[in-house]
Amino acid sequence: MKTYNKLVRDKIPQIIQASGKHCSFRVLNEAEYEKALKEKIQEELNEFLEAGDQQEQLEELADLLEVIYSFAHSKGVGREDMERIRERKKEERGGFYERLWLMNVCDDT
């Protein structure tokens, strides 16, 4: 028996059972779920940072997005609302497409 004790995608128990194995799971309460989602964001970020080729990086980014959307959903915010927030911030402050690396700022006052 292998112990995981981590948040998994919704269909994982069915996938495990379909493979002929048995698993145990429970539904987290809201506080546990929020904590687990934050841990999952870190886990997926680490997997992205360790990913080798472009395809693996994109797969890990997709996993990271899924966790982010799940966290937003747990707060009553849908994907469309998240996209509006992202767009507003991009309009106000820009994106990251120009590859700008800020080296320093001087206070001339």
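**View 1. Buried residues of helix α3.** In α3 the residues E60, L64, V67 and A72 are buried. Looking down the helix axis, these buried residues lie within an arc of 140°, so they line one face of α3. The structure shown in this and the following views is a predicted model. An α-helix has 3.6 residues a turn, so residues three or four places apart point the same way.

**View 2. Length and ends of helix α3.** Helix α3 covers residues 54–74 and has 21 residues. From its first C-alpha to its last it reaches 30 Å, close to the 30 Å expected at 1.5 Å a residue. At the start of the helix, a side-chain oxygen of D53 comes to within 3.3 Å of the backbone nitrogen of Q55. After α3 comes G76, with a positive phi near 80°.

View 3. A36, L37, K40 and E44 are the buried residues of α2. They cover an arc of only 105° around the axis, which puts them on the same side of the helix. Two of these names, K40 and E44, belong to charged-type side chains listed as buried. The buried residues of α2 pack against α3. On the other side of α2, the exposed residues are A31, K35, L49 and E50.

**View 4. Length and start of helix α2.** Helix α2 is formed by residues 30–50. Its 21 residues should span 30 Å at 1.5 Å a residue, and its end C-alpha atoms are 30 Å apart, which agrees. At the start of α2, the backbone nitrogen of A31 has a side-chain oxygen of N29 within 3.1 Å.

View 5. F25 is found in the loop between α1, residues 12–18, and α2. The relative accessible area of F25 is 57%; the cut-off for an exposed residue is over 50%, so F25 counts as exposed. F25 and E59 are 34 residues apart in sequence, and their C-alpha atoms are 25 Å apart in space.

How values were computed. Residues numbered from 1 in each chain as written. Predicted model: local features only at pLDDT ≥ 70, side-chain atom pairs only at ≥ 80, totals over all residues. Heavy atoms only, no water. Helix = DSSP H or I, 4+ residues; strand = E, 2+ residues; numbered from the N terminus. Expected span 1.5 Å × (residues − 1). Buried < 20%, exposed > 50% of the residue type's maximum accessible area, 1.4 Å probe, protein only. Arc of directions from axis to C-beta. Contact = heavy atoms within 4.5 Å. Polar contact = N/O pair within 3.5 Å; in protein donor to acceptor, adjacent residues only side chain to side chain.
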